[in-house]
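Hi everyone, thanks for coming. Let me put the structure up, and then we can walk through its aromatic rings together.

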Amino acid sequence: MKKQLYLAILISIFSHSVFAQDRQMGGVSTGEAKIYTSKRTTGITDEKAPKVFADVTAQTPIKNFQCVAGDKAKNFIVETTACTVAVFDYDNDGKPDIFFLNGSTLGTELGKEKPPRSALFRNLGNWKFEDVTEKSGLANERWGMGVAVADFNNDGFADLFVGNYGVSRLYKNNGNGTFTDVAEKLGVAIKGWHTGATFGDYDKDGRLDLFVPAYIEFDLKNLPPNPSDAGKKTSVGKNFCQFRGQPVMCGPRGLKGAKDKLFHQKADGTFEEVSDKAGVKDEGNYYGFASVFIDVDDDRDLDLLVVNDSTPKQLYINKGDGTFEEIGYPSGIALNENGREQAGMGLAVGDYDNDGRVDFHITNFSDDSNTLYRNDGDANFTDITFQSGLGETTIPFLGWGTSFLDFDNDGWKDVAVANGHVYPIVDNFQWGTSFAQQLLLFKNTKSPTNGQIRFERVAAAPNSGLALSINARGMAVADFDGDGRLDLITANMDSTPTLLRNVSDAKNNWLSLELIGDTAKKTPKDAAGSVVFVTTGKLRQRFDLTSGGGYASQNEQRVHIGLGDAIKIDNLEIIWANGQTEKLAVDKINTQITIMQNTSTLK
């Protein structure tokens, strides 16, 4: 089967969007794109719907940031994938700050224009933010494509890895509000097109390692055909790249993929590339977008999931000896339920059905649904997208950032999706889709008759955050004001970001945890890779503390727990990243607490 897929990739000269048209749409095989006569991705509101998120961007200096992603015509694929975001507490004041990774332009890369700057906004509390980019040294001024957060050197301050088109950076947090790029010094100043990285201690030596997906080998001096070449003929006598008969930018199909990289952190703090040695070979040179170190099979070491565009997803199982085995196909996660690879973009990680196993939600191109993979145990997954209600609704959308989040604190993880098309021309036709698109929020519900989990789209109240049409890429989840309700931030292409405050009237209880690992016991200081189980009555929830994920973005690295109407925690169990299990008594709710490993200390 692999050989057949590789052959299909080699002979295909169409973009992933064309390939995505020949799908099963809502269970009906069409053989061609499903054409809708009205837009289904913008302007859909309900006067009776309660407001869940309010757009508060204009009240903050965040409104002054503009993410640049090439020319607005989007003639080349490199101009369509930038604009990501990371939320992290860079100054350890207890408030989540926001880093926006900017893109660039072809002119800048050719030395003809001034480079756009990334930006860091310090959270001052009460929805006030301060632009501290200049002082912090986080302007990047390269074509940013992805960002991940971790305290890689265990000094108690969160650091940043930035994947660029060009040379990537590793920003060390100096602990005084400034950052230093140490990528070259430590061996991770890699050149190429690198995207959504993830940190994790895969060999349990107490030091965080780094995986970096790669997308395309894209040469500005040898550009592929673009829409202005529509009248020209290729060697096979066809227009090179089309979407529904219209000329569009090319890629990723027909372009050469790039090879992912796994870096092991050595005792001296430098990194060595061990991809082949460790079995993370990316033999297909797939188009990598998102990744996460996560314990898939619950054997207390970190596995690795990679989401690829237009090629199969890869699942590397940790063998416990410093090497991995790739089992994407036998696990059921490489393809969808129809046996087809999808144009994967973003990755949500979470136990949505509260069965104690981690599940995944993956966003895809328009004319195809997003995908929900249920973890059945023993590293086996089932695509239950349409059974769960996440199928038909998502088909006209082009999804990017996604996350599981309990927006109403009822104890069941919901799903948020950031959307936006890559072809501006879609606004010129009645194809049922649009360039700028609304966010999607799905509430997790459970049938009282058969107990089956269903996700129902939350209607957008007029003039609310869910009613906005934006061309989003990266998205991150955080409780920006500490009120116990999770908020959203999106990074938008060729536009300002969108900061959404959770204004839902949910009255459920909650608890927020910050975990601090014991480095003497070989747990990373930031506890990345740890798993938390919380029991209230008959409900047992799982939470994984991860680096990366989403669409090349980073959620706040706190564990946010919705408690529903429970008034106490019956049991809190932490499986720390070193494999140690610790049970703690927690007598607080509706607050934020810090837990330090091996001290039984709650702050």
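So, there are 27 aromatic pairs in this structure, where rings of Phe, Tyr and Trp (its six-membered ring) pair if their centres lie within 6.5 Å, and planes under 30 degrees apart count as stacked, over 60 as edge-to-face and the rest as tilted. Take F289 and W400: their planes stand at 65° with the centres 6.1 Å apart, so this pair is edge-to-face. F289 belongs to strand β19 and W400 to strand β27, so the pair ties together parts 111 residues apart in sequence. Strands here are DSSP runs (E, at least two residues), numbered from the N terminus.

Before I go on, this is a predicted model: local features need pLDDT of at least 70, side-chain atom pairs count only at 80 or more, and totals for chains, interfaces and linings use all residues. Residues are numbered from 1 along each chain as its sequence is written, and side-chain values use heavy atoms, without hydrogens and water.

Are F289 and W400 buried or exposed? F289 is buried, with a relative accessible area of 1%, and W400 is buried at 1% as well; buried means under 20%, exposed over 50% and partly exposed in between, with a 1.4 Å probe and protein chains only. Both rings also belong to a cluster linked by ring pairs, whose members include W143, Y165 and Y551.

Charges meet rings too. R540 lies over the face of F533, 4.0 Å from the ring centre, and the charged end of K413 sits over F543, at 4.2 Å. The criterion is NZ of Lys or CZ of Arg within 6 Å of the ring centre and within 35 degrees of the ring normal.

Conventions:
Helix = DSSP H or I, 4+ residues; strand = E, 2+ residues; numbered from the N terminus.
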